[in-house]
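The entries follow in the order in which I looked.

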Amino acid sequence: MTEAVSRWREFEAALEAKGLGWALEYAPADLRWARSADHPYGARLDHLLPADYRAFVKEVGYPVLGFKYYDWHGTTFLPPEPMAVLSPMVYDPGSGFPREAEGEPTTCRYAFFAGYDLSDVHGFALAEDGVWLIENSVVVEHAGSFTEWLLGELNKLERHIADPGFGEDTDPDDAADPHRLFGYSLEHDLSDRSPYSAADLELSWVEKQAGSPDSYGLIDAEGRWRIPMGQRFISVRPFRDGTAEVILNSEGSSYSGPWTRIDTEGRPVGQ
């Protein structure tokens, strides 16, 4: 067991002992997010993920910690798809944003792996030289190796929890999904879900948030557009076994439905 994993397990036990287990949950590793239309082929991040980080997520998973809604004292670890969506949004003052390469994943300089405000990209990113603090998408300061960063964050959290006024600023009823990791996902029900198959994960929705409704397209693992970008759908859900539920942009439809099942070419099925 690595130092980071061991220290996390101690913190996890301390939360339970203080009756704060409600503040911690774990995101599924295959949580589905739509890709950005600016980076439809995904992001290349493997070269940025050090051994201690890899060992941590393999053993622990992707923690989601918060004591209230939009809790800046908490932290949400991003599974691979959300990480790939937000990492190209990290801006380095010296080199700018990463550039998209046509037909290939965008090679990033920073892997945004944990956040305390995903809306405005506040959190932490891994680079070849360790962890960096990110504020409003901008790289701000170095925070050591992944293990050094994690130990420092846990020390700060323990001091926060020990503060006499801590309980006055918590809300168990409003702490679920404190940084909108699940809210921004394509999934509507995480209570009883099975893992996605390899074939499911090869199909990725791409979203462009412009106009009303947003535009969606479907791209496969080889970079082929199975459904071209357009405003055919009001909302979409992930593919499972070759079909997905969508709300068609048609008369009588709204953001609440009705839902229609389509195939990978966008054709309605079962009707």
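In which crossing, left-handed or right-handed, does α1 pass α4? I found a left-handed crossing of α1 past α4, where left-handed means that the near helix is turned anticlockwise from the far one by less than a right angle, and right-handed that it is turned clockwise.

I note that this is a predicted model, in which local features need pLDDT of at least 70 and side-chain atom pairs count only at pLDDT 80 or more, while totals for chains, interfaces and linings use all residues. Residues are numbered from 1 along each chain as its sequence is written, and side-chain values use heavy atoms, with hydrogens and water left out.

Helix pair. I looked up helix α1 (residues 3-17) and helix α4 (residues 146-162), which pack at an angle of about 15° with their axes 9 Å apart; α1 and α4 are therefore roughly parallel to each other (angles under 35 degrees count as such). In the contact (heavy atoms within 4.5 Å), residues of α1 including Trp8 and Phe11 meet residues of α4 including Leu150 and Leu154. I recorded that the residues of this contact divide into ten nonpolar, two polar and three charged.

Thr76. I placed Thr76 in strand β5 (residues 75-77), and at 0% relative accessibility Thr76 counts as buried (under 20% relative accessible area, with a 1.4 Å probe and protein chains only). The side chains of Thr76 and His179 are joined by a polar contact of 2.7 Å, that is, a pair of N or O atoms within 3.5 Å, of which one must be able to donate a hydrogen and the other to accept it.

Ser137. I found Ser137 in the loop between β9 (130-135) and β10 (138-142), buried with a relative accessible area of 15%.

Definitions and conventions. Axes are lines fitted to C-alpha atoms, for helices over the stretch in contact, and angles run from 0 to 180 degrees between N-to-C directions. Helices (H or I, at least four residues) and strands (E, at least two) are DSSP runs, numbered from the N terminus. Angles under 35 degrees count as roughly parallel, over 145 as roughly antiparallel, 65 to 115 as roughly perpendicular and the rest as oblique. Ala, Val, Leu, Ile, Met, Phe, Trp, Tyr, Cys and Pro count as nonpolar, Asp, Glu, Lys and Arg as charged, and the others, Gly among them, as polar. Buried means under 20% relative accessible area, exposed over 50%, partly exposed in between (1.4 Å probe, protein chains only).
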